[in-house]
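Thanks for coming, everyone. Please look at the sequence and the model first.

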Amino acid sequence: MQRKNLIAGLAVLAVMLAACQTAAEPAAGEVEVFSWWTGGGEAAGLDAMLAVFTTEYPDVVFTNSAVAGGAGTNARAVLASRLQAGDPPDSWQAHAGQEIIGTYVAAGQIESLNSLFEDEGWIAVMPDTLIPLISKDGEIYSVPVNIHRANVMWTNPTLLSDLGVTVPTTWDAFFAACETIEAAGKICLSMGEQWTAMHLMEVVLLGALGPDAYSALWSGTGDWGSPEVTAALESYSQVLQHVNSDASGLTWQDASQLVANGDAAFNIMGDWADGYFSGTTAGGNLGLVPGEGYGWAPPPGTDGTFQFLSDSFTLAKNAPDPEGAMDWLRVAGSKAGQEAFNPVKGSICARTDCDTSLFNAYLQTAMADWSTDTVVGSLTHGVTANDTWKNEINTALGLFLTNSDVAAFQAALVTAAGTYGN
Ligand code: GAL
């Protein structure tokens, strides 16, 4: 009897042990990734990267916490309050440059990734221009997934040829083209909500000042109060007279679509628009053939200059799932991840070893220009100014868009640089 009890007791113990073992098995893992890639041209890119992630880490549960809104205007506000509440996503989208160094690193919100770069051999395959923009005091803080170009003027080739308009290479030629285009009842330059006005402003500044003087404004050696900046802002003011009147209510995709539909001749936007123009309609894009359904050219005065930005992903300090985050980052920096993501996103790889044949006709030109042009950074997309400075510029811009007062705008830009410059 006693022996029977002993055996029964042992059996119960064995079952309990087995149960304990199951419970103690390492969890398959999870990761929460935060971005603003929800819309046309953007969600499809994220999905393509995610497909690689799911293949490589089938057991890691991926939570996509993307918040809608171009350039991260909404997402970054949500992120800021989560960070303030001590509730960070494991990994979030961040632009190389001052957005990372002057904002997240300055606030101690992200981890160094040097060992990941060493383990994966990434230093050898990431461009030299990029590493300093994601580093501080020898520590590397994010994994770049792409290079986007900000200074692109998208065109409707059919509309231009119907009207006998050639693509302008100077602002004066642009204003002359606008006369013809507007006389035909069309919009000369389509634009959207305020961040797209800032995007247009940085491109006009670059075209008017040239790459050296433009970059000097951000490094602190240039003079925001100079007559050259006054002239550039006057050109900007004049360009704004040729945009659609409903701009403030439109997304960047809406503005791109005006060109695609032939309602507008031109749009100045980063090359995520290429992903939107050429991506499949099943993926929420326009399904156009590059060079036929849409064209591209450097905006006036910017030929030979590549105004760039780079999306990258971070590892949060106190990330709830650091292992899952590292898995995500490993894919984000990998050749397979970047080759899947970039041709769909409308960007070129941050890595230097991607298969160039995977990219469409527009992206072929971007790859060539990236390797030969003078490279400068984008304000709107985080490269040149820390967040506080950029917010001041944005506030001044908001006023300018309603009152068109160049002198007051320039004075506000001078003060913003003096007070908040990097
Ligand atoms: C940029 C971002 C791009 C694209 C764009 C429009 O800031 O770097 O990847 O998403 O905004 O939303």
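I will take the ligand first, then a sheet, then one loop.

This is a predicted model, where local features need pLDDT of at least 70, side-chain atom pairs count only at pLDDT 80 or more, and totals for chains, interfaces and linings use all residues. Residues are numbered from 1 along each chain as its sequence is written, and side-chain values use heavy atoms, with hydrogens and water left out.

A ligand oxygen is 2.6 Å from a side-chain N or O atom of D311. For K345, the value is also 2.6 Å, again from a ligand oxygen to a side-chain N or O atom. For W36, it is 3.3 Å. Is the ligand buried or exposed? Taken alone, the ligand exposes 300 Å², and the protein buries 100% of that. These areas come from the Shrake-Rupley method with a 1.4 Å probe.

Next, the sheet. Five strands form an open sheet with mixed pairing, in the order β2-β1-β3-β13-β6. Strands are DSSP runs (E, at least two residues), numbered from the N terminus. Two strands pair if DSSP finds at least two bridges between them. The edge strands, β2 (61-64) and β6 (143-144), each pair on one side only. Strands β3 (residues 91-95) and β13 (residues 311-313) pair in the antiparallel sense over three bridges. Q93 stands opposite F313 in β13.

Last, the loop. N360 is in the loop between β14 (348-349) and α15 (361-372).

Conventions. Polar contact = N/O pair within 3.5 Å; in protein donor to acceptor, adjacent residues only side chain to side chain. Helix = DSSP H or I, 4+ residues; strand = E, 2+ residues; numbered from the N terminus.
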